[in-house]
Amino acid sequence: HGWDKVKAALLQYQSMHGDLLVPQRFVIPDDGQWQPELWGMRLGQIVNNIRNRESYSEHRAELEEMGFDFGAQAIASHGWDKVK
């Protein structure tokens with residue numbers, strides 16, 4: 001996906017959920033809350049690739065300005081550290 005679509009998807013997710021801690025299996029649904037050109041985007045996988053494979057690394061400064069968390073501590077804030 002092009003950066004413009006990924007950025008639009010991240011900003012939409014953030015406006016809906018209040019963060020950019022996208023679950024890895026999250027896929028943008030085809031409903032009226034999302035722009036049709038984003039439907040079906042595997043946003044969770046994209047976020048995982050940004051964190052672990054440095055995808056879109058040329059946009060790191062923009063991601064940081066949006067509040068994107070590049071570290072594993074994002075998992076802890078969701079309580080996954082308590083899952084046994």
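**Entry 1**

I started with E62, which is partly exposed at a relative accessible area of 28% (buried is under 20%, exposed over 50%, partly exposed in between, with a 1.4 Å probe and protein chains only). Before going on, I noted that this is a predicted model, where local features need pLDDT of at least 70, side-chain atom pairs count only at pLDDT 80 or more, and totals for chains, interfaces and linings use all residues. Numbering runs from 1 along each chain as its sequence is written, and side-chain values use heavy atoms, with hydrogens and water left out.

What does E62 pair with? I found a salt bridge to K7, with the closest N and O atoms 2.5 Å apart (the term needs a side-chain nitrogen of Lys or Arg within 4 Å of a carboxyl oxygen of Asp or Glu). K7 sits in helix α1 (residues 3-17) and E62 in helix α3 (residues 60-66), so the pair ties together parts 55 residues apart in sequence. Helices here are DSSP runs of H or I, at least four residues, and strands are runs of E, at least two, numbered from the N terminus. K7 is partly exposed too, at 26%.

**Entry 2: the other pair**

**Entry 3: α1 against α2**

Next I checked how α1 packs on helix α2 (residues 43-53): the angle is about 105° and the axes are 11 Å apart. Axes are lines fitted to C-alpha atoms, for helices over the stretch in contact, and angles run from 0 to 180 degrees between N-to-C directions. That makes the two helices roughly perpendicular (65 to 115 degrees; under 35 is roughly parallel, over 145 roughly antiparallel, the rest oblique).

Which residues meet there? From α1 I listed V6, A9, L10 and Y13, and from α2 L43, I46 and V47, contact meaning heavy atoms within 4.5 Å. The contact divides into 7 nonpolar residues, no polar and no charged. Nonpolar covers Ala, Val, Leu, Ile, Met, Phe, Trp, Tyr, Cys and Pro; charged covers Asp, Glu, Lys and Arg; the others, Gly among them, are polar.

**Entry 4: D19**

Last, I looked up D19, in the loop between α1 and α2, partly exposed at 21%. A polar atom of the D19 side chain lies 3.0 Å from the backbone nitrogen of L21. I also noted G67, 48 residues from D19 in sequence and 7.8 Å from D19 in space, C-alpha to C-alpha.

Notes
Polar contact = N/O pair within 3.5 Å; in protein donor to acceptor, adjacent residues only side chain to side chain.
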